[in-house]
Amino acid sequence: MLNEIKLNMNEMPYLPPREVIEAAQKGLSNLNRYANPRDLELLRGLLAAYSGVSKKNIILSTGSDPLLREIIHVFSRRRKVIMVNPSFFPTVQCAKEFVTKLIKIQLRPPEFNLDADIITSETNEPSLVIIDNPNNPTGKILIDREMAKTILDNKNTLLVVDEAYHEFSGVTFADMVEEHSNLSVVRTLDKAFGLAGARIGYLIAGEDFLDAFSTFYAFLPQSSLYSAMEAVKDPSYIKKNIKLTIKERERVGKKLKEMGLQVYPSTTNFLLIKSNIPSVARELKDKGILVLDLSNQWLPDYIRVSLGTLKENNIFLSSMKEILRICNKGE
Amino acid sequence: MKKIGLIVNPIAGMGGSVGLKGTDGGIYKKALKLGAKTVTPKRTKELLSYIKNRNEINLVVAPGKMGEAYVREFNIAFKLIGQVPEETSAEDTRRIIGEMLNGGIELLVFVGGDGTARDVYDAVGSKIPVVAVPSGVKVFSSVFAVSARAAAEIVDAFIEGTNLTEEEVLDIDENAFRDNRLASKLYGYLMVPNVKKLLQAGKEASSMGKSSVDSKGEIARYIVENMDKETLCLLGPGTTLKAITDDMGLPKTLLGVDAVYNNRLVGKDLNEKGILRLLKKYKSKKIIVTPIGGNGFIFGRGSKQFTPEVIRLVGRGNIIIVGAYGKVSKLDCLRVDTGDFEIDKLLSGHIKVIVGKKEEMVMEVRC
């Protein structure tokens, strides 16, 4: 449907600057060619500078999923994998398929706290801990630096932190990678940079991970590569978009609460909402609004809604209001 | 001051420890013969002792063991209403509630199980809100509080002022239940003070989709492969546990407790006495249970044969919890309500649930 409002994939609703789009178009004009390795190196350098780490620690990829998959493939053979539930769905699916032992820690509403003691007791044998921070779909910061340090002090443990939304939360462990060889941080340009269509992910890999990635080489499509280079060269535009998103997050959250819905605090570009209407996601879809229904993967009655533009959010809010009105009337 | 009615079904829950799966009809006499003890007095006293706003209550109670007998020791103003015979029935419950409603009660607190909830629904409908204290063998309706203590908190919330919500009363066919089948249908809705975290979710029917069957089969295979032949395994109710005995080629009481030792069935549809006898005989023992879908109870609902004494003798470390991922991931926590708070505290905290051959979930157990 052409007029669908997509609030189901946590995309940035704003287009990147004209220069970034023009760079992608420049890439398209060389569609018959692979990317130039020199340009790939340039992007690595730009991402290293943006993240405040050494270029040697940056691994490029087409999105962050292949990086997480590779980590699971390589490092789960002699280790148990520890994750939280719920978590980034593709990573969970991959882990379910390949690992020899998977431990999932159920996050419990309304706080969704991750108990450090569980991680400590579970990491008494070689382990790979994968945590999305902030967590998707709760939007909560699950681990702080102190907890990360405690996990990393156990040299039998590898810690992988998925920081897809770190630009919104302001929390990152990238600067800890140099000191802690058993830490890696996975990031993406899909979200805050508004480049979901370019699919650029990167790993800030600790020393223990680097060997495994020595043969992992991503030939990025030229349009993706050039748009990413342009975006990371001058990332000032993302600040404005993040500010707008956070402002909308607070406004939409407040309005939903006024409607009597349970809205959980978020440090991301999406909101976790609990409603007592089991069919709410389907009813929103009938109105042309796509949101993520979490009932099939996790607890019933929860939906995840990405923040869109002001106009999109207003349509979403008025649709929710209408659904609630009909539902309450029906009761 | 709030005028609150209290009614207790004195025979509710008696069939649990003796493995009778309920006391509807004349079954409670059989339960008595088997040595069943009343469980509602303890529940009722626990409820009354944890209500904080006792000075704000004018209690209206039924005589004798339907209420009065438990209230006297608490410092709560109360008034007696109606008359009850020595042997009480569902009709007495409905009649007394009718008299309480005529007397102008604003809230009805009742102690019992799903059968009692049906009687309460017949008498109350949507006239006033209720607080349901779990004490039956079958406590699957979402109208119930998660425990007697939680019920006390809900009473306090009502006194302090809270909005209301509708919760389900389920009609569980006790004869079918005793006959190893779970047949339930929605009987009606009762209004309850809206303190969601203290209300249990209703029993969710076990999914029979292919993935759920596969998942149970995978769990069963894993359990059987790792089963120590020299250990007595007490298998609780449910289709997940039945998958284990299916894998071993043994029969299983779907809604009861069976025991397996050295690949042989050594106990069928056991009650507490039968379990205790086996626990004396075998040195190494384990309990294997699955949470009830929807509300997450592992002990205290549906498997009362696992009494506090049984759980104490087996020990927390020898309890294995299994469940299909699709069921377990939909639970925010596991719950226990054994009727013994010390045992409930012992079981509380984090525990692992086997959800697949190579997959475990760390869940919080709450009481």
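Helices (H or I, at least four residues) and strands (E, at least two) are DSSP runs, numbered from the N terminus. This is a predicted model: local features need pLDDT of at least 70, side-chain atom pairs count only at pLDDT 80 or more, and totals for chains, interfaces and linings use all residues. Residues are numbered from 1 along each chain as its sequence is written, chains are lettered from A and ligands numbered from 1 in the order in which they are written, and side-chain values use heavy atoms, with hydrogens and water left out.

**View 1. Cis peptide bonds in chain A.**
Pro110(A) sits in the loop that links strand S4 (102-106) to helix H5 (116-122) of chain A. Its peptide bond with Pro109(A) is cis, and omega is near 5°. Another cis bond joins Asn85(A) to Pro86(A), with omega about 5°. Pro86(A) belongs to the loop between strand S3 (80-85) and helix H4 (89-98) of chain A.

**View 2. The interface of chain A and chain B.**
Contact means heavy atoms within 4.5 Å. On that rule, 24 residues of chain A touch 20 residues of chain B. The size of an interface is often given as the accessible area lost when the parts come together. Here buried area is the accessible area (1.4 Å probe) that two parts lose on being put together, summed over both. Between chain A and chain B it is about 1800 Å², with 44% from carbon and sulfur atoms. On the chain A side, Lys104(A), Gln106(A) and Arg108(A) lose the most area to chain B, together 33% of what that side buries.

**View 3. Polar links across the interface.**
A polar contact is a pair of N or O atoms within 3.5 Å; within protein, one must be able to donate a hydrogen and the other to accept it, and residues adjacent in sequence count only if both atoms are side-chain atoms. The rule finds 15 such residue pairs between chain A and chain B, both residues at pLDDT 80 or more. S3, H4, S4 and H5 of chain A each supply at least two residues of the side that touches chain B. S4(A) gives the most, five residues.

**View 4. Strand S4(A) beside strand S16(B).**
Two strands pair if DSSP finds at least two bridges between them. Four bridges join S4(A) to strand S16 (residues 359-366) of chain B, and the two run parallel. Glu360(B), in S16(B), is the bridge partner of Ile103(A). The side chain of Glu360(B) also meets that of Lys101(A) in a salt bridge (3.0 Å, N to O). A salt bridge is a side-chain nitrogen of Lys or Arg within 4 Å of a carboxyl oxygen of Asp or Glu. The rule finds four salt bridges across the interface of chain A and chain B.

Buried means under 20% relative accessible area, exposed over 50%, partly exposed in between (1.4 Å probe, protein chains only). Nine of the 11 residues of helix H6 (residues 114-124) of chain B are buried, so the helix is largely enclosed by the rest of the structure. Among them are Asp114(B), Arg118(B), Asp119(B) and Val124(B). Gly125(B) follows H6(B) and has a positive phi, near 55°.

**View 5. Positive phi in loops of chain B.**
Asn263(B) is not a glycine, yet its phi is positive, near 65°. The loop between strand S9 (258-261) and strand S10 (264-267) of chain B holds Asn263(B). Asn263(B) is partly exposed, at 40% relative accessibility. Asp269(B), also not a glycine, has a positive phi of about 45°. Asp269(B) lies in the loop between S10 and helix H11 (272-281) of chain B. With a relative accessible area of 30%, Asp269(B) is partly exposed.
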